[in-house]
Protein chains: 2
Amino acid sequence: MPDPRPTLEAVAAHAGVSRATVSRVVNGGAGVRSSLAEKVLRAVDELGYVPNQAARSLVTRRHDAVAVVIAEPETRVFTDPFFAQQLRGISKELTAQDSQLVLLLVEGKDDYARVGRYLAGGHVDGALVFSVHLDDELPDIIRGSALPTVFGGRPDRGGRRTPYVDCDNRGGAREAVRHLRSLGRERIAHIAGPLDQTSAVDRLDGYRDVLPEADPALVARGDFTPAGGERAMRELLAHNPDLDAVFAANDLTAAGALRVLHEHGRRVPEDVAVVGFDDMEPVAEQTNPPLTTVRQDIEEMGRLMARLLLRALERGGDQADSLDTAPASVITPTALVRRASA
Amino acid sequence: MPDPRPTLEAVAAHAGVSRATVSRVVNGGAGVRSSLAEKVLRAVDELGYVPNQAARSLVTRRHDAVAVVIAEPETRVFTDPFFAQQLRGISKELTAQDSQLVLLLVEGKDDYARVGRYLAGGHVDGALVFSVHLDDELPDIIRGSALPTVFGGRPDRGGRRTPYVDCDNRGGAREAVRHLRSLGRERIAHIAGPLDQTSAVDRLDGYRDVLPEADPALVARGDFTPAGGERAMRELLAHNPDLDAVFAANDLTAAGALRVLHEHGRRVPEDVAVVGFDDMEPVAEQTNPPLTTVRQDIEEMGRLMARLLLRALERGGDQADSLDTAPASVITPTALVRRASA
């Protein structure tokens with residue numbers, strides 16, 4: 001049976017314009033005189049032409065595209081290898097399902113409203129969101145778009161049932177600190193991450209689980225960057241010249257801390273043992289000395305996020321309510337990787 | 001005058017379902033039973049509700065979003081700082097105009113058809129495309145989408161009038177090679193980039209402009225990566241043990257070449273002077289020794305691309321044909337930056 005839908009050519013003939021002009025009008029491209037555009041749109045109406053994929057997708061409700069939003073400025077997205085690794089996993093999984101990865105970049109929080117409009121605008125089937133901060137409006141904006149969503153990292157204080165993929169931050173941190181204690185270290189410091197992110201809070205909690213009596217002066221605030229690690233390490237050495245170990249909230253922080261320890265003539269691991277978190281390629285292997293760290297499989301976590309979302313989208317059509325049947329969250333295991341620094 | 005368009009609430013009341021259900025249906029989200037979805041869509045039809053931004057944009061033909069496509073696998077996009085710098089410029093400019101940067105990631109050329117569908121699907125106002133290769137189908141696919149487009153780098157063999165932003169690759173290369181000659185170097189080698197990209201061809205042409213009689217064995221093929229620079233440098237040393245200078249097609253290539261020169265006990269610049277291209281941060285300043293190179297303002301080129309496109313989109317509505325009134329291409333100047341390597 002022939003397809004009864006009118007073609008682009010039929011619209012062009014009906015409107016008395018070229019195929020290219022019709023294409024430009026219905027694909028939302030600029031560059032067509034308004035009188036001409038009206039002629040085309042009239043022909044579209046008269047023939048009942050379904051103009052483009054955007055309109056078609058109002059019927060099929062599938063765009064074969066998934067948005068990724070990273071709640072960090074574009075500059076951090078491209079300098080912290082964590083994001084590249086997570087995107088790699090997401091990209092592989094989406095590509096295997098012929099779904100387009102649509103990365104929405106932002107300069108800062110002022111751009112979230114615009115991101116929300118794009119997400120609500122019928123351009124993607126779902127969203128993967130990571131590096132959310134506790135004061136971000138982003139999770140609420142995204143929930144407002146009613147798009148199926150999976151978070152990378154536990155997004156907030158709990159209570160809400162948005163599915164997420166996270167590693168066992170608290171358990172991994174406990175293992176790191178226990179390892180330092182097993183080496184006989186007694187003044188174990190912690191450089192925390194930004195405490196508006198649950199991963200940083202959980203790692204600090206893991207440190208406190210093992211060392212509930214630790215001197216509060218042994219905990220300094222970092223921000224998951226090497227520069228933050230340097231600042232925190234200087235502060236720790238100033239207040240605790242006798243420290244003999246550091247558990248850093250991530251590998252980039254540890255890399256900064258190592259530089260400051262060298263500067264101060266402290267030998268690693270002889271004087272100060274250092275453990276990181278992430279087992280980030282290529283950071284952890286290239287520090288001096290190579291870094292003992294808590295491994296999480298970042299790329300695999302990206303794959304898992306994409307897989308959870310795609311599964312929810314597949315089931316969607318047969319379910320009464322995607323929120324009630326939302327996939328469960330997944331917590332992935334961590335493992336201590338021993339290198340020379342501890 | 002009140003807005004006569006029916007609201008989401010009106011549709012919900014008409015269909016006898018919740019506002020959230022209507023929102024989910026019309027925003028293309030999954031998770032609504034099909035019988036329910038049909039009820040909603042019937043109400044949408046009966047009330048003449050314009051369901052979402054995608055549908056509205058069929059009328060306004062503006063999405064306030066611009067796609068960026070980099071014709072490289074996602075892994076290269078996140079390891080070559082060139083792309084991050086160009087994206088930075090694009091992001092700043094688009095954000096200033098409240099237009100969403102939509103980065104479409106690909107794993108390889110097999111994904112271009114899907115990218116083409118997304119571009120033609122009414123999701124963005126225009127496209128910025130860079131790192132195109134001569135055998136890529138991408139430019140044709142993008143032209144087929146009839147979207148206003150600006151290329152980063154001259155995209156092809158010429159002839160077509162797609163606007164682009166590029167630096168003066170050939171002139172910059174000439175300056176690099178003339179500088180090496182002015183230092184008294186007589187056996188000047190060139191490590192070319194991938195010759196399926198016009199930037200690499202232009203830089204090779206610039207080298208040949210200055211040294212038309214150069215021994216062909218002094219030219220080796222690289223691929224704009226440090227690993228490619230290492231391979232090419234080994235090859236050059238094997239065939240030309242007497243070489244006394246290298247002009248590398250970009251800074252990453254030069255970084256690889258420097259490593260191999262050190263390995264072979266060649267002093268830089270005493271035995272072999274090295275010049276790169278790009279003045280890439282932080283690469284060029286962190287090589288050993290710091291790299292003399294040809295500077296192009298990569299971030300500014302990204303800004304220019306975005307600006308050209310936004311200007312074309314603004315003018316679009318009043319013009320008969322965006323292709324005829326396409327903005328002219330822009331060639332930005334280069335400048336030699338002298339550091340220790342030459």
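Apart from its neighbours within four places in sequence, A:Asp202 is in contact with A:Arg154, A:Asn169 and A:Arg170. The model in which these contacts are found is a predicted one. A:Asp202 belongs to helix H10 of chain A. With a relative accessible area of 12%, A:Asp202 is buried, because the cut-off for that class is under 20%. One of its contacts, A:Asn169, lies 33 residues away along the chain, yet the C-alpha atoms of A:Asp202 and A:Asn169 are separated by 5.7 Å.

The packing of two helices provides the setting for this residue. In general, two packed helices are described by the angle between their axes and the distance between the axes. In chain A, helix H9 (residues 169–182) and helix H10 (residues 198–210) have axes that come within 7 Å and cross at roughly 40 degrees. That angle makes H9(A) oblique to H10(A), and the crossing of H9(A) and H10(A) is right-handed. On the side of H9(A), the residues involved are A:Asn169, A:Arg170, A:Ala173, A:Arg174, A:Val177, A:Arg178 and A:Arg181. They meet A:Ser199, A:Asp202, A:Arg203, A:Asp205, A:Gly206, A:Tyr207, A:Asp209 and A:Val210 in H10(A). By class, the contact of H9(A) with H10(A) has four nonpolar, three polar and eight charged residues.

A helix pair of chain B was also examined. Helix H11 (residues 226–239) and helix H12 (residues 251–263) of chain B pack at an angle of about 45 degrees, and their axes are 7 Å apart. H11(B) and H12(B) are therefore oblique to each other, and their crossing is right-handed. H11(B) contributes B:Pro226, B:Gly229, B:Glu230, B:Met233, B:Arg234 and B:Leu237 to the contact. From H12(B) come B:Leu252, B:Thr253, B:Gly256, B:Ala257, B:Arg259, B:Val260, B:Leu261 and B:Glu263. The residues of the contact of H11(B) with H12(B) divide into seven nonpolar, three polar and four charged.

Strand pairing was considered next. In chain A, strand E8 (residues 245–248) is joined to E9(A) by three bridges, and the two strands run parallel. Within this pair, A:Ala245 has A:Ala273 in E9(A) as its bridge partner. Strand E9 (residues 273–278) of chain A is mostly covered, since six of its six residues are buried, that is, under 20% relative accessible area.

E1(B) is mostly covered, with six of its six residues buried. In a regular strand the side chains alternate between the two faces of the sheet. In E1(B), B:Ala65, B:Ala67 and B:Val69 point one way, whereas B:Val66, B:Val68 and B:Ile70 point the other way, and all are buried. Five bridges join E1(B) to strand E2 (residues 100–105) of chain B, and these strands run parallel; B:Val66 stands opposite B:Leu101 in E2(B). E1(B) also pairs in the parallel sense with strand E3 (residues 126–130) of chain B over five bridges. There, the bridge partner of B:Val68 is B:Leu128 in E3(B).

A further residue of chain B was considered individually. B:Arg76 has its place in helix H5 (residues 74–77) of chain B. At 17% relative accessibility, B:Arg76 counts as buried. Leaving aside its neighbours within four places in sequence, B:Arg76 is in contact with B:Phe83, B:Asp223, B:Phe224 and B:Thr225.

How values were computed: Residues are numbered from 1 along each chain as its sequence is written. Chains are lettered from A and ligands numbered from 1 in the order in which they are written. This is a predicted model: local features need pLDDT of at least 70, side-chain atom pairs count only at pLDDT 80 or more; totals for chains, interfaces and linings use all residues. Side-chain values use heavy atoms; hydrogens and water are left out. Buried means under 20% relative accessible area, exposed over 50%, partly exposed in between (1.4 Å probe, protein chains only). Helices (H or I, at least four residues) and strands (E, at least two) are DSSP runs, numbered from the N terminus. Two strands pair if DSSP finds at least two bridges between them. Axes are lines fitted to C-alpha atoms, for helices over the stretch in contact, and angles run from 0 to 180 degrees between N-to-C directions. Angles under 35 degrees count as roughly parallel, over 145 as roughly antiparallel, 65 to 115 as roughly perpendicular and the rest as oblique. A crossing is left-handed if the near helix is turned anticlockwise from the far one by less than a right angle, and right-handed if clockwise. Contact means heavy atoms within 4.5 Å. Ala, Val, Leu, Ile, Met, Phe, Trp, Tyr, Cys and Pro count as nonpolar, Asp, Glu, Lys and Arg as charged, and the others, Gly among them, as polar.
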